[in-house]
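Please read the points below with the model open beside them.

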Amino acid sequence: MERTEISDYGEFGLIHHLTKNIELQNSSSILGVGDDAAVIDHFGKQTVVTTDLLLEGVHFDLAYTPLKHLGYKCVVVNLSDIYAMNATPTQITLSLGISNRFPVEALEEFYEGVYAACHTYGVDLVGGDTASSLKGFVISVTALGEVAADKVVKRSGAKKGDLLCCSGSLGAAYLGLLFLEREKKIWLENPNIQPDLEGEDYVIGRLLKPEARADMVQFFAAENFKPTAMMDISDGLSSEILHICEQSGVGCMLYEEKIPIMEETRRAAYKFELDPTACALSGGEEYELLFTIDQKDYDNVLKYDQISVIGHMTEAEQGARIITKGGSTHAITAQGWNAFRK
């Protein structure tokens, strides 16, 4: 395959090359890539903004992460934060720190994933920056979205008696990571051995190509109700529950038997002799939505099979607790991802 050096283009030539085919999809995107700044008009709605930084060797490993998947994922993880505010994402900016080990063709592959995500979720890439990185691939994405003032959902709105719900299923992405790390270790010891990932498409797919829950925000709008508190599950279910409890000033009772775990996830956990519930509680990078609802909206959530009611909120003094399948009660502790833990 032909290799084109980034230096052949220069910074502005590279940006033009990678963004020349952008077509804006949102009427709020007045001016996109190509000027000193983008121009966005949300026509009276409130603007929500979120930023994520992804670092090679910390957040992703290029030994087993295809560049196209990485481009897709770096967009999705930001859009998930917009949906967690009950908002609709409309624009992103993308900034990259690139070392000279990457040819232009590799960046084209990465941008294919970025554009695929933008198309899937109907968002516009309207700006960004590129710089030389002395070590590793650095990705920074900022996402913007819009929401009516009375539809914003924060982490701090849960109250005693509210039902605790989540979308989708949990625990798979962590197990996908374990499989890929295991096969990488084997490959480093003997490069002639082919990876053995047969039958693990589901858990590996959940790690390499996650999806943001646009459908949940659309469901809330269609049923004309909104959660009382909400956030996305990026650092593990237990950590996110504790965030909602702390910011809302409530406690929680979580039921182990209610936590949604796919059969493929259970089988994968058993291969590593792990408890599937532990994977669901502590495994991050799910990008499902965790939310609380008023009890009067219970009939609404029953209409959608992608929602599980997994507990209820209690008085703050009772703390955050989990009742196991065996009937014992334990305090919920945060075992999820911590960016600064040694």
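1. In this predicted model, E183 has a relative accessibility of 8% and therefore counts as buried, the cut-off for that class being under 20%. The residue belongs to helix α4, which runs over residues 172-189.

2. Which residues does E183 touch, once those up to four places away in sequence are set aside? The partners are Q194, P195, D196 and L197. For Q194, which is 11 residues from E183 along the chain, the separation of the two C-alpha atoms comes to 8.6 Å.

3. Helix α3 covers residues 104-121, and its 18 residues should span 26 Å at 1.5 Å a residue; the C-alpha atoms at its two ends are 26 Å apart, so the model agrees with the expectation. Just after this helix, G122 adopts a positive phi of about 65°.

4. Which residues of α3 are buried? The set comprises V104, E105, A106, L107, F110, Y111, G113, V114, A117, C118 and Y121, and a reader tracing the helix may note that E105 is included among them.

5. Helix α2, made up of the 17 residues 67-83, reaches 25 Å from its first C-alpha to its last, which is close to the 24 Å expected at 1.5 Å a residue. This helix is mostly covered, with 14 of its 17 residues buried.

6. Turning to the whole chain, the secondary structure of the protein amounts to 10 helices and 13 strands. Among the contacts between residues at least 6 apart in sequence, 85% join residues that are at least 24 apart.

7. How does the overall extent of the model fit its length, and what radius of gyration would a compact globule have? For 342 residues the value would be near 20 Å, and because the protein has 21 Å, the two agree. Taken along the principal axes, the box filled by the C-alpha atoms is roughly 65 × 60 × 35 Å.

8. As to burial and surface, 48% of the 342 residues count as buried, while the protein exposes about 16700 Å², of which carbon and sulfur atoms supply 51%.

9. On charge, the protein carries 29 positive and 50 negative side chains, and the centres of these two sets lie 6 Å apart.

How values were computed: Residues are numbered from 1 along each chain as its sequence is written. This is a predicted model: local features need pLDDT of at least 70, side-chain atom pairs count only at pLDDT 80 or more; totals for chains, interfaces and linings use all residues. Side-chain values use heavy atoms; hydrogens and water are left out. Helices (H or I, at least four residues) and strands (E, at least two) are DSSP runs, numbered from the N terminus. The radius of gyration is taken over C-alpha atoms; the globule rule is 2.2 Å times the number of residues to the power 0.38. Buried means under 20% relative accessible area, exposed over 50%, partly exposed in between (1.4 Å probe, protein chains only). Contact means heavy atoms within 4.5 Å. Accessible areas come from the Shrake-Rupley method with a 1.4 Å probe; for residues, only the protein chains shown count as cover. Lys and Arg count as positive and Asp and Glu as negative; His and the chain ends are not counted. The place of a charge is taken as NZ of Lys, CZ of Arg, CG of Asp or CD of Glu. The expected span of a helix is 1.5 Å times one less than its number of residues.
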